[in-house]
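Subject: Structure handover

Hello,

Here is the structure for you to look over. My notes on what was found follow below it.

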Amino acid sequence: MSIFTGSAVALVTPFLENGDVDYDKLKELVEFHIAHKTDAIVICGTTGEASTLSHEEHLECVKKCVEFADHRIKVIAGTGSNCTATAIYLSTEAESYGVDGLLVVTPYYNKATQKGLIAHFTAVANSVNVPIILYNVPSRTGCNIQPETAVYLAQNVENIVGIKEASGNISQVVKLASLSKGCIDIYSGNDDQVVPLLSLGGKGVISVTANIIPEDVHDMVQKYLDGDVQGSLDLQLKAIDLCNALFCEVNPIPVKKAVELLGMCDGTMRMPLTEMEPQNVEKLKKAMEEYGVL
């Protein structure tokens, strides 16, 4: 069974000006997404700056998100690491808080062979009972889950049920869809490729842009699944300039600025992420204004 169908927001982590996690704003963001048709929340992923959180902060964010959601929306915790033991620790702790699923990224920096990926993901999955979505984002990790590897894991590890495909390689996703024959749920990890992924049998998107236009990203997926392909495509194309602006600097710098511009939380980030370049702020403002959200 799918963890979710539709749009999952890759939620930003709000910080106070002093850099501490702002749990009051986190609660407001959860309420915002429940009210605006988001289908699931991914907490402590790339967009949530998980790599700059201590383990204690990371797990507290997961625990608070589950508490705030109160079973009204699915909560998926990012629990990946380049250390298998750490990924197991984060995953087992997150499971104990009552998450609906886990998003586990490929090991980064030290990378892994495909054999190593199978061993890593199998060990993490065997440590928990909740379903797992693999996260394939080779541009950030230097490590690519080959289609054959994803299919092997889905067929041989009961609770590996999905993959967030952010390789940007449509040909790879075509091969994955062909080999899998539906044994693994495919989610777009690129906001400019939602409709193409849905056309290949995808279940939805894990979206950065949903931080800003949650209802439209939800509708983009739902219209496609309801058979309104043109309506879905219209929303995809309408959002392209906004998507491009949200990725004009490394994620999550632009989206953190966007939520600040909307007054949803402070735009504070943790180093090594830094303040957005002024010319790119203007580009982002223009895209938001043209879309009608600012």
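P147, E148, A150 and V151 of α6 meet Q172, K175, L176, L179 and S180 of α7. Contact here means heavy atoms within 4.5 Å. Helices (H or I, at least four residues) are DSSP runs, numbered from the N terminus.

Before the rest, the ground rules. This is a predicted model: local features need pLDDT of at least 70, side-chain atom pairs count only at pLDDT 80 or more, and totals for chains, interfaces and linings use all residues. Residues are numbered from 1 along each chain as its sequence is written, and side-chain values use heavy atoms, with hydrogens and water left out.

Back to that pair. α6 covers residues 147–156 and α7 residues 170–180; their axes come within 9 Å and cross at roughly 35°. Axes are lines fitted to C-alpha atoms, for helices over the stretch in contact, with angles from 0 to 180 degrees between N-to-C directions. The crossing of α6 and α7 is right-handed, that is, the near helix is turned clockwise from the far one by less than a right angle. By class, the contact of α6 with α7 has five nonpolar, two polar and two charged residues. Ala, Val, Leu, Ile, Met, Phe, Trp, Tyr, Cys and Pro count as nonpolar, Asp, Glu, Lys and Arg as charged, and the others, Gly among them, as polar.

A second pair: α3 (residues 84–97) and α4 (residues 114–126). They pack at an angle of about 25°, with axes 9 Å apart. That makes α3 roughly parallel to α4 (angles under 35 degrees). This crossing is also right-handed. T84, A87, I88 and S91 of α3 make the contact with H120, A123 and V124 of α4. Four of these residues are nonpolar, three polar and none charged.

The largest nonpolar core has 82 residues, and I43, L102, I132 and L134 have the most contacts inside it. Such a core is a set of buried Ala, Val, Leu, Ile, Met, Phe, Trp, Tyr and Cys residues joined through side-chain atoms within 4.5 Å. Buried means under 20% relative accessible area (1.4 Å probe, protein chains only). Helix α2 (residues 55–69) gives the most to this core, with six residues. Apart from it lies another core, of 16 residues, including F4 and Y135.

Last, A239. It sits in the loop between α10 (229–238) and α11 (240–246). A239 is buried, at 2% relative accessible area. Not counting residues up to four places away in sequence, A239 touches I213 and Y291.

Best wishes

Note on methods:
Buried < 20%, exposed > 50% of the residue type's maximum accessible area, 1.4 Å probe, protein only. Helix = DSSP H or I, 4+ residues; strand = E, 2+ residues; numbered from the N terminus. Parallel < 35°, antiparallel > 145°, perpendicular 65-115°, else oblique.
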